[in-house]
Structures are given as structure tokens and as C-alpha cells.
Amino acid sequence: MLSLCKQNLSSSFQRIGARCIASVVPEIKVNDTGVSNEPILQYLKGSKERTELETALKDSYAQTEDVPIVIGDKEYQTKDVRYQVMPHDHKKKLAKFYYADKNLLQKAIETASTAQKKWDSVPIPERLKIWEKAANMMANEYRAKLNAATILGQGKTIIQAEIDAAAELIDFFRLNAYFLKEAIKYQPISENPMVTKNSMRYRGIDGFIAAVSPFNFTAIGGNLAYTPALMGNAVLWKPSDTALLSNWLIFKICREAGVPPGVVNFVPADGPVFGDTITASPHLAGINFTGSVPTFTRLWRQVGENISIYKNFPRLIGECGGKNYHFVHPSADIQTVINGTIRSAFEYCGQKCSACSRMYVPESLWPKIKEGLITKRNQLKVGDPTDATNFTSAVIDDKAFKRIKGYIEHAKNSSDLQILAGGKCDDSVGYFVEPTIVETKNPKDKIMVEEIFGPVLTIYVYKDDKLKDTLDMVGSTTSFALTGAIFAQDEAFLRRAVEELKMTAGNFYVNDKSTGSVVGQQPFGGARLSGTNDKAGGPHYILRWGNPQSIKETFVPLTDVEYPYMK
Ligand code: NAD
């Protein structure tokens, strides 16, 4: 025994008293490969990806997919039947699905809370392999299907779907796996490992995480549900009714890749019924939310009211709305301003949380910028998203249509506002709203303050000598601080604006549009009422879902109570 002990007196075997014992904390070995972003395919006519996508679009269009509720390994259909329709042609039902009621949600909570314990003991390298497999499946055999579901179901054009449902989703899976690998490399100091060894292990949180996702990014649904799961948590995923089909595909891919039953439970439900049920459960360990401010505020309030019932203090992550700005300085490059603004304001009908919806332009540049914006806007084709010549399509549903139309009516009726281009709305076939450009004389009109979440861009023209006052308005006009962009060639101004506008955006752009963040390149999230700014797509996000445990192991006997100086 003693000779064995001598041979092995390395970091894994230490002596305690007469015995030699091994560290009981296993070391985690993971493959140390680098990571890069998924390339965005081009979909040129006749290309392999274009042909595959066309087939997937036809297949998806030809059916109304029946999507069950899934809790553990069981599928459920309730009497509360719903349909996901195509935004650009709302008579076509793309998916049939069912709302989970309180009892089923309760069952999902019990299933997840039980599954969490088992899942948490699956070694991290095994979980990483499942994530890598899922990412590869999304990048290859399921790419066209995911894109087709996003195009038909959420009204994205081919390129917008590719950026979201393929590239960003795959990036979330690969990069979060990479960030987890990096995070667990940190181990605390062990001054003399022969005497004591300190280690840190990364657990999930006991209980369940509620992932509540929005309609506008397929990738966000995947991230909200599966990043907590990667960390060892179990999840109730409530997808958005209007992103049902693409989210269902993600769920199926992950099951096929090896995520065990019960780790993520797919529970479409009425929003308030879901919110009320999860916040009333003592097992609620966290909420991973992306959506509007009123919904997140309601959930936070409910958690506050119920705080004494929970086993853990629930983690609350919420990424919410924005009133994103483009601020133009007299030294700006006009073409960059025009093209960047058209893309930011009107791609995906302004339904990106980062879309530019208010703009500040100096009087000296206004005639050229105005002409450029109107000319470019008039060239945009709006229609069926499967037609590659269309720049944008319909807004998501009747609720969005009514809300956006309301702001356009307000612009038509207000003496401070003038519609420069667009302004027509037609929901007879699909929920179509024209890309609309408005000029305001009042920089504090509600159209400059509230999130519209549609293709409406409002511009306030400021006098060149009122630069300071206008800059001050950027942060004081709204309670949001999601994204913002400044356009200037004057370096002194850029330096000043970077400081003065510091608190007005979680994602800030210099001579670039306010949209288009890429996982791992521009970690995303806003402050103030735009959210908790936990930066999805960055290295710290995964850690927010962890419940780390510090362990100190001692290998020498404790021989006394008194300290030497006392003798
Ligand atoms: P929403 O708030 O209406 O819905 C979001 C989700 O919450 C949906 O799944 C919905 O069914 C659910 N929900 C509604 N009421 C609920 C309740 N009481 N309890 C629990 N869940 C409830 O938002 P939306 O229209 O789907 O998405 C658009 C919003 O999302 C915009 O404000 C946009 O800016 C924001 N968004 C933000 C980011 C970001 O990263 N900051 C990204 C995408 C979208």
C-alpha cells in the first residue's frame, strides 16, 4: 500500500493520516477545439441550397403540421386547439397546435424538476457532444426545413431566415458549448495540492427554468430553452404561437440529437396561464424571457409577490423592447446613412428588436438624405417572402397589424407629423403594412418614444447649431436603451458621442446600422427597460444559468484545536 501510495503521490492521490486517498472531485476533460461562426449561404438561383430550400418550402406548404405538447416522453393534445397561419396569406394554416392547461403545466413542472437531478449528473463532455451534434444537424440535414418554417410561419425573406434560423441558431448551440468549455477551465487556487485541493463544479439549479420566447427570431427560442439546459437545468419551453413550427423543429432536432425526455418540455400555452402557473410554483428556478416590457414586468411582479414560496431565488433574465436610434452628424457619409437606415428600419418589417425607428438628421444634410431614403424606399418590393425579389413581407399577425396601423393613423392625424412615403395598410390577404417614413416637428411625439415594432421610421430634423441639445434628447426621450448608431466622419464628435451616449444603448454602432448583431461578435442585450442585459451570444450568458459549487478537500489530518502561537 505504501509503495503504491508513493508512486501515486501526484495531484490525484494524497495522504491523510496513514491512508492515501484520491480526490473525489472528477476532473473534466473536454476537447479544446476553437469555434467560428456558421457561414451564411447565398441561395443564388440554381445553387444546391436554393433547390433544397424550394423543396422544403413546397413540403411545408403542402401540409398543416400537427404539433403536440410534449412533457417527458409523452405527447398530449388538448381541446384548446390553435393554428399558426402564414402572415403573408393568413388563410393558409401552417401548423395545428394545442394549449397546455394548468394541470398539464403542473405535470410539466413535476417532470422537469425530477429530470433535472438526473440530467445534472450527465457529465458536461457528454452534454457538449449532444449540442455539437444538434448544431451539425441544424447546419446540414435540417437547415432547409428550419428556414422554410421560418419563411412561411414568421414571414422572413430567404436571407433573413438564413441569418436567423440557420446561422444564428447554430452559432448559439456551438458558441454556448464553447463558452461553457472555457468557463469550466477556471479552477480556484490550491496553494499546496498535496494538503488541500480546491475545485469548482458547475451544476444546474434544482427546480425548473421557464423559457418564454418571442416570435421574431427562431434562434432566440433555441437559445432561451437550450442554453439553461446545457448548464444542467430542466426547462419548460413556452414558444410563441406565431413561431410554433420552427420552434417545434428545434425541439425535435434536439431530441434526435440526444437531449433526454423531460430535460426540455415543449408546452405551448396561453401566455398569462403559463405565467401565472410557473410563478406560483415553489420549484421555479428561473425565467429566461425575451419579449415585450409589459409581459416581463408582469412576470417580475408575480415573482416578487410570491418570493417567500420559492426554494431558490429565481434567476430572472429578460430581453425586452427598444426604441433604437440612428444619430446623424453633419460630417456623416450620406450613402452609408441612407442604405444602413433603410435596411435597419425595414428589413423584416421593422420587427427586429434592434430595428431603427427614430432618426436625428441635421438640417444641412436633410435634403439629400430625404431624397435618398424616399428613392430607396420606393424601390423596395413587399410581398410573398418566398419570392426572392421581395425585400420584405407581411407583419406577424392581426394584433401587430392593428397596432402599427394605429401609429400610422396617428401620423396622418397629427399636425406635427407628415408621412413622406408609404402609409398604406392592407390585411385582406396577408398583414401588409408599407414601409413608412414619417417626419416629425416634435421630437417627443409618442411616435419617437414608444416601441412600434413595425416598418415605421420617424425622423426629426435638427438645426446644425442645436447638436448638443439634440444629442441630449437621445437618452431622455425614451425609457429604452437597446441599440443605437452614430454616423460621422468627424473623429472628435465620434469620441464625444461615444461617451455622451454611453447609457443609451446596450449595443452601440459607429458608422453602421443598429441591427445585425452576430453571436460571439456583438453579444446582445440592452439596459434600462430594454432588459437585464445578460448578453446572449456572449461568454457570460451560460454562467447565469449555473449554480456553481466550491469544494475544498483536505488530505492531512487536523491534529489540534489551538493555534501554534497560543503555546
Ligand atoms: P410578447 O411579450 O407579446 O410575447 C413574448 C412571449 O411571452 C410570447 O411567447 C407570449 O406568448 C408570452 N407571454 C405573453 N403574456 C405572458 C404572460 N403573462 N406570462 C408569460 N408569458 C407571456 O412579445 P412578442 O410580440 O412575441 O415579441 C416582441 C417583443 O420582443 C418586442 O418588444 C421586441 O423588442 C422584443 N424582443 C426583444 C429582443 C431582445 O433581445 N431585447 C429580441 C427579440 C424580441
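How much space lies in the largest pocket? About 1400 Å³, in this predicted model. The close-ups below take the pockets one by one.

**View 1. The centre of the largest pocket.** Welcome to the largest pocket, with about 1400 Å³ of space. Its lining is made of 48 residues, and the closest to the centre are Phe-215, Ser-240, Ser-292, Thr-295 and Lys-399. Sorted by class, the lining has 23 nonpolar, 14 polar and 11 charged residues.

**View 2. Elements around the largest pocket.** Here we turn to what builds the lining. At least two residues each come from strand 6 (81–86), helix 9 (271–279), strand 12 (284–290), helix 10 (293–305) and helix 13 (398–413). Helix 10 provides the largest share, 6 residues. The largest pocket lies between domain 1 (34–320 + 531–551) and domain 2 (324–510), because both give residues to its lining.

**View 3. The centre of the second largest pocket.** This pocket holds about 970 Å³ of space. Among its 49 lining residues, Gln-160, Ile-163, Phe-217, Lys-352 and Gly-516 lie nearest the centre. Two or more lining residues come from each of helix 6 (158–183), helix 7 (218–230), strand 12 and strand 13 (315–319).

**View 4. Make-up and setting of the second largest pocket.** Helix 6 is the element that gives the most to this lining, with 9 residues. The lining as a whole divides into 23 nonpolar, 15 polar and 11 charged residues. Both domain 1 (34–320 + 531–551) and domain 2 (324–510) contribute to the lining, so the second largest pocket lies between them.

Technical notes:
Residues are numbered from 1 along each chain as its sequence is written. This is a predicted model: local features need pLDDT of at least 70, side-chain atom pairs count only at pLDDT 80 or more; totals for chains, interfaces and linings use all residues. Side-chain values use heavy atoms; hydrogens and water are left out. On a 1 Å grid over the protein atoms alone, a cavity is a set of points where a 1.4 Å probe fits but cannot get out, and a pocket is an open set with protein on both sides within 12 Å along at least five of seven lines; lining residues have an atom within 4 Å of a point. Grid points are joined across faces, edges and corners, and a volume is the space filled by probe spheres set on the points. Helices (H or I, at least four residues) and strands (E, at least two) are DSSP runs, numbered from the N terminus. Ala, Val, Leu, Ile, Met, Phe, Trp, Tyr, Cys and Pro count as nonpolar, Asp, Glu, Lys and Arg as charged, and the others, Gly among them, as polar. Domain bounds come from an automatic or database domain assignment.
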